[in-house]
Amino acid sequence: MSWLGHLTLDYRLDGQRTIAHDLHHGPLRVLQRLYPEGDAVCHHVLVHPPGGIAGGDVLEINANLATGSHALITTPGATRFYRSAGELAQQSLVAKLASGARLEWLPLETIAYRGCRAENRMRFELAPGAEMMGWDVLALGLPAAGELFDDPAHAGGHYTQSIDLPGVWLERGTVKADDHRLLDSPLGWAGHRVMATLWFATGQAMPSARRDALLDGARALIDAHALKAQAGCTSPHDEAVVLRVLADRVEPAMQLLTSVRASWRDVAWQMAACPPRVWRT
């Protein structure tokens with residue numbers, strides 16, 4: 001039996017408070033709605049009670065942010081794509097931000113198990129004046145437990161990912177378990193099995209001074225981190241700043257992303273980091 005889940009999230013500003021309404025079909029739903037930093041920012045924790053995404057499952061999230069609203073969306077644990085007998089497992093997110101809206105898309109890591117056949121698509125449509133931060137942390141297999149993504153017995157496994165900021169930045173690629181030129185080449189994953197991406201994006205061109213401040217803040221934190229040899233931060237477009245890091249484990253990559261996210265929140269929005277409480281449970 002396959003799970004079909006759909007979740008619609010609508011955010012709007014009511015006075016000084018970001019009000020959230022959600023509608024779900026299937027097992028994908030909101031666990032909690034929290035306001036740890038006051039009325040202006042709504043923290044949403046999303047859950048998928050079956051605990052993972054298997055072949056044939058389709059999960060869809062649609063988020064709509066009205067003018068002036070600010071939403072932080074996260075998860076209480078890793079997203080797991082399990083081994084498939086042949087069918088594709090799919091998850092998709094489409095987020096639309098009106099002018100003046102802010103979104104923080106900060107789910108915990110995604111684990112692609114050996115033998116999975118999975119696709120994860122994200123699309124963020126930002127109107128002029130809208131801004132967002134987002135991250136994606138992908139772990140291939142569970143190396144510490146001996147569950148290798150590129151186990152020869154499960155050579156048909158693959159994971160496709162797409163991060164799309166229309167007209168600004170498109171990241172799309174497929175990792176196949178038998179593609180060792182990608183997984184082990186120094187021009188690819190270089191033998192690492194965790195890849196993490198963090199980005200800051202706007203709906204219009206950023207002033208160069210603001211973009212430079214975001215880059216400088218991220219690069220200073222990278223230079224002081226143990227993963228500095230595998231990390232870098234660039235601006236592929238004048239509406240986006242992107243950080244990329246390779247690691248052997250999720251925790252150090254997530255630590256770097258968390259520190260840079262805190263820096264960017266201060267530089268861009270003059271806001272304290274306020275990490276979601278669920279990350280500490």
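Where does Thr75 sit, in a strand or in a loop? I found Thr75 in the loop between β6 (70–74) and β7. My element names follow DSSP runs numbered from the N terminus, with helices being H or I of at least four residues and strands being E of at least two.

Ground rules before going on. This is a predicted model, where local features need pLDDT of at least 70 and side-chain atom pairs count only at pLDDT 80 or more, while totals for chains, interfaces and linings use all residues. Residues are numbered from 1 along each chain as its sequence is written, and side-chain values use heavy atoms, with hydrogens and water left out.

**Thr75**

I looked up accessibility next. Thr75 is buried because its relative accessible area is 11% (buried is under 20%, exposed over 50%, partly exposed in between, using a 1.4 Å probe and protein chains only). Its side chain reaches the backbone oxygen of Gly77 at 3.0 Å and the backbone nitrogen of Leu108, also at 3.0 Å. I take a polar contact as a pair of N or O atoms within 3.5 Å, where within protein one must be able to donate a hydrogen and the other to accept it, and residues adjacent in sequence count only if both atoms are side-chain atoms. Beyond its neighbours within four places in sequence, Thr75 is in contact (heavy atoms within 4.5 Å) with residues including Val45, Leu46, Leu106 and Trp279.

**Largest pocket**

Thr75 turned up again here: with His48, Ala78, Thr79 and Gln91, it lies nearest the centre of the largest pocket, which has 30 lining residues. Elements giving two or more residues to that lining include β4 (42–47), β5 (58–65) and β12 (131–140). I noted a volume of about 410 Å³. For the terms, a pocket is an open set of points on a 1 Å grid over the protein atoms alone where a 1.4 Å probe fits, with protein on both sides within 12 Å along at least five of seven lines, and lining residues have an atom within 4 Å of a point. Points are joined across faces, edges and corners, and the volume is the space filled by probe spheres set on them. By class, I got 16 nonpolar, 10 polar and 4 charged lining residues (Ala, Val, Leu, Ile, Met, Phe, Trp, Tyr, Cys and Pro are nonpolar, Asp, Glu, Lys and Arg charged, the others, Gly among them, polar).

**Second largest pocket**

This one has a volume of about 320 Å³. Its lining has 19 residues, with Glu171, Leu182, Trp189, Met195 and Arg244 closest to the centre. β14 gives the largest share of the lining, 5 residues.

**Positive phi**

Which phi does Ala190 have, positive or negative? Ala190 has a positive phi of about 55° although it is not a glycine. I placed Ala190 in the loop between α1 (180–184) and β15 (194–202), and it counts as partly exposed at 35% relative accessibility. Gln270, also not a glycine, has a positive phi of about 55° and follows α3. Gln270 counts as exposed at 59%.

**Ser99**

Ser99 is in the loop between β8 and β9 (102–105), partly exposed at 36%. Its C-alpha is 5.2 Å from that of Ala127, 28 residues apart along the chain. I also found a polar atom of the Ser99 side chain 3.0 Å from the backbone oxygen of Pro128.
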